[in-house]
Amino acid sequence: MNTTSNSEIDSEVLRSQLAKDYRQLSTLEQSIIQLFSVVYEPINRTTFLDCFTYTGARNENGLLFNASNLKPYLDKLLASGLLVQPIGFGPQCHPLLVEIATRDAVKTGRFNVFVKTVQDKLPIKTQWQGGPRFFKSKSQLIREVRIGLYSHNLNFINEQLENYKKYNTRENISIEDIFEQVCNNPFDADWFRTLPEELYEKAISSILSSAALKCKPADDAFALLEEHCSSIDPSHDLQLLLTEQLLLRGHIQEAQQSLECILDEYQHHATVYWGWLSFSRGENDKAIEYYTAGLKAHKKGKSQRPIYFNTISGLFFILALLKDDSPERLREAEEYASLISCQPKHWLKLVYSRLEIVLQVQQGDVEQTILIVDAYIPSLINGNSLETLFCCLCLYWMDIEQAKKRLPKLLEHLYKHAMASGYDWVAMEAAELLSRLIPDSHYETKAEILLEDIEIESIVNLIQPQEPWEFSLKALANIQKEPQSPSKINLELRLAWFITFYSNKCLLQPREQKINAKGAWGVGRPIALKRLSNNLSEFNYITPQDLRLCAYIETYHDNSHGYYGKTEYSLNEKAILELVGHPFVFWENSPTTRVEIVKGEPELLVKKSDKPGTACAKGDAAKQPLRERNRLTLEFFPKLPEKQEILAIKETPTRIKAIEISAGHRRIAEILGKENRLEVPAIAKDRVLAAINAVSGIVTVHSDIGGGLENAKEVSAKPTPHVHLLPAGDGLKVAILVRPFDGGGPYYNPGTGGETVIAEVEGTRLQTTRNLSEEKQLANAVVAACPTLTRHEEREGEWLVNELENCLELLQELQALEDSIILEWPEGEKFRIGHRADFNDFQMKIQRQGDWFAVSGELKLDENIVFDMQQLVELLELLKTSKFTKYSRLVSPLNFTVLVSFLFNRYTFHVTPWRSPSDTSLLLCA
């Protein structure tokens, strides 16, 4: 079936006509076209005249060209369509003719003259002679790459691309894109054979890779590659390219023969393709074995950082592990998929990210299904064949009903183009999937024919579409199969992020932390953003979350710093969103204090007030009716700055709420006025409630008058005080907060804010009604029950308790309230009271020794810590001399303090050596 699009057919017809007309031109007219083709960009007539005369060209009468005698030639070529002139620009060679004309210039020997003319008369801008080039446009870069390609100079090509990448960030283009655009316009096998090996490989690889991804016919290029690999000794890279093309075209036996042609010394490069071949034949265990060996060979000689295959073949390792379906294999596959999906510029990022979600669902995380169901699926036009096919497969596996609604048109388009271009494996998978989505259709027959012809097992059957409860039951069944060994992680190094908070913004500083000899993490060594941007391979401990965060590193080249300029690196403000849930975030000024980053949303505060209206003078307030004096205030918090997209709010001493500002948020703020605040009369209450209902789906609402989203789930508010204990130096910083929603949601100061709160908690919109007076009462009761807090000054809702003994006393006081409060620490407690010693824990025997009494006994703190009298004496000596080192490993500072307090509170001691030199006794004064 030939389904080449009308536009493609029209282009080929037009190119053929242009080439025919070009061949009928005189030699002089052809040389004009050829010079235009080397210039490549539009060029005004005056500049072209300057270039053409520079070549030494003369007209048919032997005279030098000028504006008047050149004009008829240009007018004729424009009229014939061989030259085109975009509106507002000068003439240029027709894009469908440009490569034909340039290749003719090479054949006739004019090419080098034209190149010298272009480079002398139309030079690329540099800051100094021999310095880096600054391209003003993408087409100017393509002009130079074409010159390098037709000159067979790969080093020159790479130099142009390097300069363009450094100094021109507006338009991205790769060498593969340029090669495919130039070498396939049209494909010319005879010219291709003249290319040196390196350029030949890059060019034919670019053409065939683009053909596979866009399902475009490339039969001539494929035939040339087959001829090349069969007639001469090809490189193993070309042989692997042929293998890849054969597998995508469904030619299994030929693919095996291609792999067998690779010399033994290069077979380690072919292992991953043997894995792909084995998987296609249904030999799954063998495929995993090949892939595992290939990954091991891929890592050999490289750093220990996680790496994975960069070719299409790597996708089938994920599928082989998915087909195995064991918990270990599913986790392994998820790890590999995550590694690629975290790379922001990887060409298969979208495919791997969808497969990662499927793997998570297969392991029981059923909530991730929605990410597949709601996700965009690119068509062949907007994406590529692999993206379209795999995204369609993922949706089919997760939700067959949605797949039936969304996928048929996408897959029919993919099937037609894959068939037309010869990529039978792609066509077979598309047809097989269509046969499931459109029962009793002709696609069932088409799929059967293709399956029989190419003898490849379809990947459509890897997962059978299931109900959510089936995924959950499977995850429960796999719990006992999970291995007990911990995952392989770097136990000595980690990347931590240190935060400086100021005016609703956060400054992030990455540091490399290392475990010291005592088993504790050090303060860390700062890491330059430049290294994280350009040299991530140096860090073998980078996590997927860190990779996503590093993707927000931006560069800016400042040319004001001398000749070379200076490249600045910074983190986009959205980077903090990737710190949500990150385990290693700390305060810059308190490096051991962990900080929790949560995602939040702006708040709309609706308050009652009893004051004169804004239009009323103060003296007239008493004359106003009460209903006019009562006002309602709608205030948007936080106030939105003009350009800032992310706001950071310090919610608790160790918790930052990151808020991403949307267009809807800004619209609400604008409606409320310049100060994000609006006052209305109390009589407008019903209209305010209607407004609350309209916006409570996108902001957190605090309301003194009720209201809210109609479909929000109503829950009971929790007034229980949450006591946050934040390590601060040698002591503690204390804050008392409330969290109205049980198990999640925002914190508030007790008794402050609106009575009605509507917020999103763990993906669900909830509404609750707070009892503000009860919150305040319970919080005051906590303070009253803790004399330690009443002895310290409160500042902005926080207390700073410095002394260790005071901290321990506070813990004892809070422990007594454990049923009426929720005690929250940063990750890991700094202090805890394991046991409170009293007289019942102390056993003592007293014997008279002359004028003295000898005392023996022991103090038992718990089953593992028992002190005899000799140890108690030594501890008292240590206390007197402040030397705690000897017993630092035996007893915690807390237990030691409790021990000493116990002894001092009950006894008067005198310490003296006993007559026996081997014993030291604790003597009680008579």
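In this predicted model, the side chains of Lys733 and Glu798 form a salt bridge, with N and O 3.9 Å apart. That distance still counts, because the cut-off is within 4 Å. Lys733 belongs to strand S21 (residues 731–738) and Glu798 to strand S25 (residues 798–801), so the contact ties together parts 65 residues apart in sequence. Lys733 is partly exposed, its relative accessible area being 25%, and Glu798 is partly exposed as well, at 22%.

The count of salt bridges comes to 31. One of them pairs Glu144 with Arg133, whose closest N and O atoms are 2.7 Å apart. Since Glu144 sits in helix H7 (residues 138–150) and Arg133 in strand S4 (residues 133–134), this pair ties together parts that are 11 residues apart in sequence. Both Glu144 and Arg133 are buried. They also take part in a network of salt bridges that links Glu41, Arg133, Arg143 and Glu144.

Another salt bridge joins Asp120 to Lys116, at 2.7 Å from N to O. Here both residues are in helix H6 (residues 111–121), four residues apart, or about one turn of the helix. Asp120 has 38% relative accessibility and counts as partly exposed; Lys116, at 49%, is partly exposed too.

S11 runs antiparallel to S10 (residues 585–587), and two bridges join them. Within this pairing, Phe586 has Arg594 of S11 as its bridge partner.

Notes:
Residues are numbered from 1 along each chain as its sequence is written. This is a predicted model: local features need pLDDT of at least 70, side-chain atom pairs count only at pLDDT 80 or more; totals for chains, interfaces and linings use all residues. Side-chain values use heavy atoms; hydrogens and water are left out. Two strands pair if DSSP finds at least two bridges between them. Buried means under 20% relative accessible area, exposed over 50%, partly exposed in between (1.4 Å probe, protein chains only).
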